[in-house]
Amino acid sequence: MNLYAGKILIIDLSKKSVSIQPLRKEWLKKYWGSWGLALRYYYDSVTADVDPLSQENTMVIMTGPFCGTLVPTSSRFCLVSKSPYTGTVFETNTGGSFGPELKFAGYDGIIIKGRAESLQYLRIADDTVSLEDAQDFAGKGIFETESLLREAAGLPEGKTLSIGPAGENLIGYACVGTESYRQMGRGGAGAIFGSKNLKGIICRGTGSIQVADMEGFREKAFQYKNDNVLTDANLWASTDGTPVLVDVINEMGILPTRNFTYGTFDDRAGINTTAVKAAKKGDRACVSCPLACGKFTHINGIEMEGPEYETLCLAGSNCEVNELEKVSHFNRLCDDLGLDTMSCGNTVALAMDLAEKGRHDFGLRFGKTKDYLEIVTEIATLSTTRGKELAMGVKRLAEKYKSHDLTTQIKGLEMAAYEPRGNYGMGLSYATSERGACHMRAFTGFSEDVFNLEKQAREVVKSQNFNCIKWSTGLCDFWGSVTHEILADLLSCGLDETVTPSELALAGERIWNLSRIFNLQAGFTIDDDSLPEKIMNQPLEKGPHAGNVFKEEDFKTALKLFYQLRGWDEKGVPSQEKLAQLGLDDLYHF
Amino acid sequence: MEKILYAIPDLCTGCNRCVYACSAIKEGKFYPSRSRIHISNFSLNGYSVPNICFQCPKPDCLTACPCKAISQQENGIVQVDTEKCDGCGECVAACPYGAIDQDDKGLAYKCDYCGGDPNCVTECTPGAIVYQAEDKELRRLRGLQMKQRLTSKKAEDKRIQVGRQIMRLARD
């Protein structure tokens, strides 16, 4: 089969069984791969009311059609399930080399259901697949687990996915780690692994991926790499990587600072791109990526890939911590213990704010690094009272201390590092994302007219639909100039079939709508498409947008426009007409 | 040799485009395990080491081959004649770097510089693999890499271990 491996691995941990199914070919042209295809498989495998941490829940890991080829930035693969943190369906993706390895082993994806009686790992060596005992790895960090898995499985070149103590302890914002410093970060994929008693997966694939016309395909991939990837639009990723955003976003006045109180951070020189470059030892790339946005750094004995912008902001400026060494150390601890740095940074910032307001003292203070590192381990291991409280995340911690006014989350997921009071599109994007306040669905950071509600609503819809298909083909965000036309051209050549840009655009919209259907069936309503009270009522301080709020009435106007543009009714429910147009009417009736 | 293939691990990002390109050209598929070039990736240390055939002046693979299937051309490139190869695997065991391996039929395969236009170099954006005339600094680096010799039956094991030793050299 061209571009696909053609098989899905089905693992039932309760029954200790492994089986293989042919890929559902009737879904390929509607969902394509990765996010879309995983979502379709997931939708087929559970009911929307499933308890995310129960053995009835499943998780679907999926690669895309370009994964394992020379298409630039194509190694990303995803996990789709119902989030234990938000209760929504969620997709979380990462790069590295596990995805291609899985395809070379002969599988496009893995569906995992049930729960093992004791801690296990999944061993995949081409067509030899087995569940193995992992009880000796209990409590181990991800870094050590990766090397233990390679050793125990006898697969020195095996690629891994694994969890640390945070996942084993079912912490809502536990991540799944791969290649040391890459994560399926947001939404609690690590806790789902933990709930299934699955410590990790190791895969070694020695097979191949075919394309219809190799010479033509290579030529196209080479040309797009040179003419569309390694160009001014994308080279920031190569020269600086995401740390460049610290100064850029600060300049725009939307750099979350002091628990989303200020829009700028005066003291950012210690954590900006200049600081990261000074500590840089080398550039790191995911498989197939010529950009290499990862910056490997050494600073005062702390060696790691990163930190990335989201961490520099949410665990840096948002906590008013201005030392790269401390932020790097915080990040490295999160990576090893298996915590999402974005949720963790936001939660620590809330704890600092609670102390500031005199509501509770966790021993953490804005701008101070006392206990800033210790708390990460305490959260992941649930070893102290405060660690257990912060492990709840922003939503539940704020509820406990009756501090709704200080929360920075939507649907239970903490906001990303772009202040909505200075960019209404980001607010609308956060409010309408299927997994909560996430920046990876629609990013309006660089758009014009950031307070024009109609333009922002249009841009959010367009960007969400495009990212649905972009993530579904497994490409990275940082091939920023890719288009439907380029995707269609590469798919057509690789498959030797005519694939049109418009059918890909429709697939993107279909994927977004299927997520919406799941969330509606799971009980989410228009009331959940909301903004934190802080964003609507408390004026932003500092920077060019000081004094701004995203007023509730303005937000409601934007949301109404958004629903209209999507062909949804006034309550955010897709119309039957829209569902019929997308071929989803057989899945959902009112 | 007019031009030599050099690996500069300090510049390698671990993207593996060289591996994909090599296997696409040699096997007609994306087939990394069959690539003639490999990357050993040490993610925790943020380091990757390209594994290339050095086209040794005195090739151990050639000496070990009982069928005289391996020859050295005038330009120094070491080649396998698969017509003569009987699949014994002596060359794989003999190469101290893991740079020659066997396919499903047991036939040996290795890097042949693609007839003077190696595609791995074309695909290497960071410049970690270069194909050029001899150069003093690159010769020194290559010499250090060639000193990392290992014995093992499996090419894969040698590649990883050689890669680890080269990483240690770079970090000391």
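# A guided tour of chains A and B

Begin with chain A, where six strands make up an open sheet of mixed pairing, in the order β2-β1-β6-β3-β4-β5; strands here are DSSP runs (E, at least two residues) and helices are DSSP runs too (H or I, at least four residues), numbered from the N terminus. Two strands pair if DSSP finds at least two bridges between them. The model is a predicted one, in which local features need pLDDT of at least 70 and side-chain atom pairs count only at pLDDT 80 or more, while totals for chains, interfaces and linings use all residues. Residues are numbered from 1 along each chain as its sequence is written, and chains are lettered from A and ligands numbered from 1 in the order in which they are written.

**The sheet of chain A**

Select β2 (17–22) and β5 (89–94) of chain A: these strands stand at the edges with a single partner strand each, so one side of each has no neighbour in the sheet. Direction ignored, neighbouring strands of this sheet are turned by 20 degrees against each other on average; axes are lines fitted to C-alpha atoms, for helices over the stretch in contact, and angles run from 0 to 180 degrees between N-to-C directions.

Next, display β3 (residues 58–62) and β4 (residues 77–82) of chain A, which pair in the antiparallel sense over three bridges. A:Ile61 has A:Leu79 in β4(A) as its bridge partner.

Move to A:Ala134, in the loop between β8 (128–133) and α4 (142–153) of chain A. A:Ala134 counts as buried because it has 23 C-beta neighbours inside 10 Å. The cut-offs are 20 or more other C-beta atoms within 10 Å of a residue's own for buried, 12 or fewer for exposed, and partly exposed in between, with C-beta atoms placed from the backbone. Select A:Tyr121 as well: A:Ala134 and A:Tyr121 are 13 residues apart in sequence, and their C-alpha atoms are 5.7 Å apart in space. Leaving aside neighbours within four places in sequence, A:Ala134 is in contact with A:Leu119, A:Gln120, A:Tyr121 and A:Lys199; contact means that the C-beta atoms of two residues, placed from the backbone, lie within 7 Å.

**Around α11 of chain A**

Go on to A:Gly306 and A:Pro307, which are joined by a cis peptide bond with omega about 0 degrees. A:Pro307 lies in the loop between β15 (302–305) and α11 (309–316) of chain A. Now select α11(A) itself, a mostly covered helix with eight of its eight residues buried. Among them are A:Tyr309, A:Glu310 and A:Cys313.

In the loop between α11 and α12 (324–337) of chain A, pick A:Glu320. Although A:Glu320 is not a glycine, it has a positive phi of about 55 degrees. A:Glu320 is buried, with 20 other C-beta atoms within 10 Å.

**Two helix pairs in chain A**

Show α2 (residues 34–45) and α20 (residues 501–521) of chain A; their axes come within 10 Å and cross at roughly 35 degrees.

Then select α17 (residues 424–432) and α18 (residues 453–472) of chain A, which pack at an angle of about 45 degrees with axes 9 Å apart. The crossing of α17(A) and α18(A) is right-handed. The residues in contact include A:Tyr424 and A:Leu428 of α17(A) and A:Leu453 and A:Val460 of α18(A).

Turn to B:Gln55, in the loop between β3 (47–51) and α2 (60–64) of chain B. Phi of B:Gln55 is positive, near 50 degrees, in a residue other than glycine. B:Gln55 is buried, with 21 other C-beta atoms within 10 Å.

Finally, display both chains: their contact takes 24 residues from chain B and 30 residues from chain A. On the side of chain B that touches chain A, α1 (17–27) and α6 (155–171) of chain B each supply at least two residues. The largest share of that side, five residues, comes from α1(B). The residues of the side of chain B that touches chain A divide into 10 nonpolar, eight polar and six charged.

Notes. A crossing is left-handed if the near helix is turned anticlockwise from the far one by less than a right angle, and right-handed if clockwise. Ala, Val, Leu, Ile, Met, Phe, Trp, Tyr, Cys and Pro count as nonpolar, Asp, Glu, Lys and Arg as charged, and the others, Gly among them, as polar.
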